[in-house]
Amino acid sequence: MFSRLIPALLAVSLPAMSAAEEPAVLNVYTHPSFAAEWGPGPAVKEAFEEQCGCSLNYTVLDSGGDILQRLRLEGSSTPADVVLGLDTGTMETARQTGLLGRHGQSLERLALPVNWDDDTFVPYDWGYFAFVYDTEQLQEPPSSLEELVNAPDDLKIIIQDPRTSTPGLGLLLWMHTVYGDEAPAKWQQLSNKILATTQSWSDGYFSLFMNGEAPMILSYSTSPAYHMAIDKTDRYQAARFNEGHYLQVEVAALVESSDNKPLARSFLDFMLTADFQRHIPLKNVMYPAIDLGDELPSVFDKLIAPPEALYMDPAKVASIRRQLVNDWLDALTN
Amino acid sequence: MLEIKDLAFEYGPDGHLWRFDFSVPAGECLAIQGPSGSGKSTLLSLVAGFLPPASGRILWMDRPIQLLKPWQRPVTSVFQEHNLFEHLNVFTNIGLGIHPGLKLDESQRQAIEAGLERTGLAGFGPRMPGELSGGQRQRVALLRAILRRQPLLLLDEPMTGLDTETRKILYAMLLEEKARGITMLLASHDEEERRILADSHWNL
Amino acid sequence: MSPHTKAAPFSHPGWQLWPGLLLGTALLLLVALGLGSILREAGELDIGPSLAGSYFQSVVGFTLWQALLSVVLSLALALPVATALARYTGFPGRTLILRLMELSLVLPTIVAVSGIIAVFGRQGWFTGLLNIWLPGNGWNLYGLSGILLAHVFFNAPLAARILLQALDSIPPPRMRTASQLGLGGWWLWRAVHWPAIKPVLPGVAALVFTLCFTSFAIIMTLGGGPGTTTLEVAIYQALRFEFDFARAALFAMLQLLICGGLWWLVFRKHLDTAVLPNRRLSRPVPLFARPWQGFSAGLLLLIFTAFLVAPLLAIILRGLPALWPTADTPSIYQQLLPATARSLLIAIPAGLGSVLVALLTLAAANRARRRWFAIVPTVTGYLPLIVPPLVLGTGLFILLRPQLGNTMQGWFLVALINGLMAVPFVLQILRGPLTSLDAGSLQQADQLGILGWYRWRWLYWPHLRRPVALALAYGVALSLGDFGVIALFGSPGKPTLPVLLYQQLGSYRLAEAAGTGLWLLGLLVLIFVSLSRVPGVKSRTTSAASQPLPEPEHA
């Protein structure tokens, strides 16, 4: 049986080997949810290839952290021209590698809740961290972080580990911006409500939240958009917190050692056009980085509007992250 | 001529030594007798190369063979039982004696079939050893030994527990081989076996 | 002198020793180079602060504690299950239980854990029933209890399989004696079962300990919080989130030291842990038993089966809607089928490779006479369990990066590492059967000159067909469900099955992810069932077996 399978398998894999022969190729390192068949990747590839007369290749790495890791390991010999999928948590480390170049883009088109004038990183989408809750299990969710912290212990929540996941780190920064030095004490107060601290968002969402194990999970304020638009259900909603919500921005950057800088820059430019951005809201389930006007799906109007976007400069985050994680560990293990 | 010269084997932890010294003229059968535990089987294993001697020499046609590996020696052993590979059928069991990779030509295949027919086992080629009676298994074992065409046959209680009819067939086969010039070493405590097959006797 | 002028292919004894020895050395080198290149990348290594912190000490403490408890509980379940399976060979569905026992180990963790949660979680079936029968029982999956439960789910079947092998190889005469004396209960255990289990028990315990020691996703999903952190989590954190190579390498070496030390203790006493029976009783011997013993064994097996089946059932129920395309749901088969082909492209070579490596390793271990020669092949069997794949992969990447040009090389590496990771399990399965040929057969084979390739073809292969098939199933299945390694090297947008699963999970396609999980489960079942159909050692001809033998007239 296997001996008959192998030629067939080889036939499947051979086309992948010949693709490298094309003349102008733009190599983009990205992460799975962007490049997935149903993600924005394929549509973006098609639209960009149509206008550039080149070929756009994705190399898919597990996460933003892995993109950075790979870049660091490959150094200036990296075949990547563009990295797409870093975020505010990995930005600073990425900048310090010195492997990224200036994007040279006009950032006036951006429609972010904060001012963005970074000369290395170009945002392509953004969103708020938020607690998503199951309306069938919880009718009145907490209306503030403070209310959540003070809620009775039988309100269970699922969070992610700041040592291993982006939203996990997001919550850590959220608590820090709201509570400052009081944060560790608040974490202790919160700890009895934490049912699980999962390695990744997926583990918590799939294994726990969708199994109905807890009524609330740390996620994004845009999560309900997917459930409403694709799953056609209003069951899962985000809780709006009065203190404001921490902002997450996903960015792309140009690789300094690229031989294709003009092409890479034109891709970054293309990234901030409607042809790219229209795929973001429902395929990446985040807010587009530019104003899409009428093209923004109507479910996005139903999402919560945080009173304030909480945000810390990535350089500041990089400098305090380890301390914050250690404080968090101390607060929760003692 | 098989010559066992001052062959010694160290037995057990106390370093007890067995010594063997005798010879068998070509084409004859020597019967070795002695009580249980006197070293009959050990002697045959030494000649076959399954056990290493402490000292001494084994000569076959004046050439020393005591340092050769079992598969390099001109011998074939037939034991009282467990002569066959239980997971391989009769034909394969015999065939592996002719070529250790079962690469047989047509004449060799025919020789096996003819041999099976001659020993009353026609059509038994595809059978598994587990389906055969003790006598049938022993006939297969002997047939393999004969078809291997090695000049020295080591027989370790080959007839024990077999019925008279089977014995008759096996005696006939063995005597025919002896008449062809095959040299035999027979370890047996069975009077009848020794009387019919052996030309000389040696007491342990 | 010899009738065969041409020696059998590969009949030189060196063929048994050197390939396995070279492979083992290569693996040792690979690990050393992997760790070494991470250390070199890290530059300076400051051991003191990392190891002195209370966080670090509590991590090591917890890792050891949970692994120890998991071993005790897994064995406490595995021992009676194995004894019951060995005694009651006529238990209806025994084959089914054996297949189930093979499955739990190879399921992707996230799929299995979601199944466990659906049964034992706050909203689970079991919890629901428990709350009806025993209100206010205080059952809570999250925390140490959940970790232990999941570890027992993964490891008790593995341990039971190995112990069952030991029990099945009790020499028939001893069983007959026990039967005749009417031994039962304590004395049957004391005189027959325990002596058979005793030699393999430390090896099983060490295997389970290592698997639990390096556990990661289970700990984080079910552990509740950072109080339950293992070394593997710390390694992941250092490598993937803090880019702190020095710490990652340090933790990896510490893990190597602790687990390696444990294996060293076990290996020094030459203990075996083999999964397949190497000798079968021709016919089960009836043993003395009081009626309640049979009843309680049946009940135990029933509960054990339910324990294994319930989470699988939850996986099936959850995944079925996605695989059962109705008019308004898009078919997910367009993604599943190519992903399956890509997965098999990696998993089949990895599985075949792991079997080949295991066979050569065992051959070398059997042949090796000098002490150091014997150590190398043993290391091959256990090292891949202890070295975090992430560390090995990253090290290899650093090592190979100037050459690592295209995707195919990346995939080759993925298959290579997956294959290596499967070797320890494959080795356990093949060890017993490979050493099971009796001395008489070997002597005859020697005399007939059945050596080298011929010996493999005519003596080992018929005995090993089934074990090799099961080993291959494990090798393929372990690679099929693996996610960690492939994620490291990146793929050209075309996912394998586990990557597809994680893509779906990462973009809210939870129903489809459940479908993919079920598809994977189905594929694994298919692999195990189809490979378990490989015929074993024949003792009767198939066609004429039932007919009475025609005795020749003169016989």
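Visitor: What makes helix α1 (residues 40–48) of chain B a helix that lies across strands of chain B?

Guide: Helix α1(B) lies across β3 (29–33), β6, β7, β8 (183–187) and β9 of chain B, where contact means heavy atoms within 4.5 Å. The helix runs at about 155 degrees to β7(B); axes are lines fitted to C-alpha atoms, for helices over the stretch in contact, and angles run from 0 to 180 degrees between N-to-C directions. Helices (H or I, at least four residues) and strands (E, at least two) are DSSP runs, numbered from the N terminus. This is a predicted model, in which local features need pLDDT of at least 70. Residues are numbered from 1 along each chain as its sequence is written.

Visitor: Which strands of chain B does helix α5 (residues 164–179) touch?

Guide: Helix α5(B) packs on the sheet against β3, β7 and β8 of chain B, and its direction makes about 140 degrees with that of β8(B).

Visitor: Why are β6 (75–78) and β9 (200–203) of chain B said to stand at the edges?

Guide: The open sheet has the order β6-β7-β8-β3-β9 in chain B, with parallel pairing. Two strands pair if DSSP finds at least two bridges between them. β6(B) and β9(B) each have a single partner strand, so one side of each is left without a neighbour in the sheet.

Visitor: How do you know that β6(B) pairs with strand β7 (residues 152–156) of chain B?

Guide: Four bridges join β6(B) and β7(B) in the parallel sense, and pairing requires at least two. Thr76(B) stands opposite Leu153(B) in β7(B).

Notes
Chains lettered and ligands numbered in written order. Predicted model: local features only at pLDDT ≥ 70, side-chain atom pairs only at ≥ 80, totals over all residues. Heavy atoms only, no water.
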